[in-house]
Each structure stands twice: as C-alpha cells, then as structure tokens.
Amino acid sequence: ELFGCTAGLQNAVTAITVVALGTSLPDLFASRVAAMQDEFADASIVNVTGSNSVNVFLGIGLPWFVAALFWKVNGATDDWVSKYP
C-alpha cells in the first residue's frame, strides 16, 4: 500500500503487480539455473512455456469456473437484473 501510494498507483494495481512478481520470479530463477546447467537449455524453455501456460489457464479458468458455479447455484439477483436488463 505504501509503495502504491508513493508511486501514485491504486491499491488493486499494486496488488496485482506484487502477485505477478511473486509468481514469475521463482520461474525466472528456475529457468536461469536450468539454462546454466543444460547444454541446450531445453529444461529452461520447457519451464518457461509450461509455467506460463499453467498461470494463464489457472488464472483465467479457475475464477471462471467458480463464477459459473456461483451463477448456476444462485442465479441472477434482483440487483443484477436491474443494472443489466
């Protein structure tokens, strides 16, 4: 919160940035180590493509799945229907 305030960013932007860094930096270091230890760096390429695919598919798919379950169980609320006729 302090960094975002100092940089003039909203709290949501700061939070998303910190989460993105927290999930990407370990992959970066793992890829670096794999590239240094492997002659052809195959493991680092697989690590980058695999981890990014998992991040995208879980980052989009999991919230979408939870929202679909929520809407199936609860349906449209009166507030939602009044906002989006």
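The accessible surface of the chain comes to about 7100 Å², and 71% of that area belongs to carbon and sulfur atoms; the areas come from the Shrake-Rupley method with a 1.4 Å probe, and for residues only the protein chains shown count as cover. This is a predicted model, in which local features need pLDDT of at least 70 and side-chain atom pairs count only at pLDDT 80 or more, while totals for chains, interfaces and linings use all residues. Residues are numbered from 1 along each chain as its sequence is written, and side-chain values use heavy atoms, with hydrogens and water left out.

**Overall form**

- The chain has four helices and zero strands; helices (H or I, at least four residues) and strands (E, at least two) are DSSP runs numbered from the N terminus.
- Read from the N terminus, the order of elements is α-α-α-α.
- The chain is more spread out than a compact globule, because its radius of gyration is 20 Å, well over the 12 Å that the globule rule gives for 85 residues.
- That radius is taken over C-alpha atoms, and the globule rule is 2.2 Å times the number of residues to the power 0.38.
- The C-alpha trace spans about 60 × 35 × 15 Å along its principal axes.
- Of the 85 residues in the chain, 9% are buried; buried means under 20% relative accessible area, exposed over 50%, and partly exposed in between (1.4 Å probe, protein chains only).

**Helix α2**

- Helix α2 covers residues 11–37, which is 27 residues.
- From first C-alpha to last, α2 reaches 40 Å, close to the 39 Å expected at 1.5 Å a residue; the expected span is 1.5 Å times one less than the number of residues.
- At Ser24, α2 bends by about 25°, and a proline, Pro26, follows within four residues.
- The bend at a residue is the angle between axes fitted to the seven residues ending there and the seven starting there.
- Thr14, Asp27, Ser31 and Ala34 are the buried residues of α2, and their cover includes α1 (2–7) and α3 (42–74).

- Thr14 lies in helix α2 and counts as buried at 9% relative accessibility.
- Leaving aside residues up to four places away in sequence, Thr14 touches Phe3, Gly4 and Leu9; contact means heavy atoms within 4.5 Å.
- Ser31 also lies in helix α2 and is buried, with a relative accessible area of 10%.
- With residues up to four places away in sequence not counted, Ser31 touches Ser44, Asn47 and Val48.

**The loop between α2 and α3**

- Ala41 is found in the loop between α2 and α3.
- Most residues other than glycine have a negative phi.
- Ala41 has a positive phi of about 60° although it is not a glycine.
- The relative accessible area of Ala41 is 19%, so Ala41 is buried.

**Aromatic residues**

- Rings of Phe, Tyr and Trp (its six-membered ring) pair if their centres lie within 6.5 Å; planes under 30 degrees apart count as stacked, over 60 as edge-to-face and the rest as tilted.
- By this rule there are three aromatic pairs.
- One of them joins Trp71 and Trp80 edge-to-face, at 5.3 Å centre to centre with 65° between the planes.
- Trp80 and Tyr84 form a tilted pair, at 5.5 Å centre to centre with 45° between the planes.
- Trp71 counts as partly exposed at 37% relative accessibility, and Trp80 is partly exposed with a relative accessible area of 37%.
- Phe70, Trp71, Trp80 and Tyr84 form one aromatic cluster.
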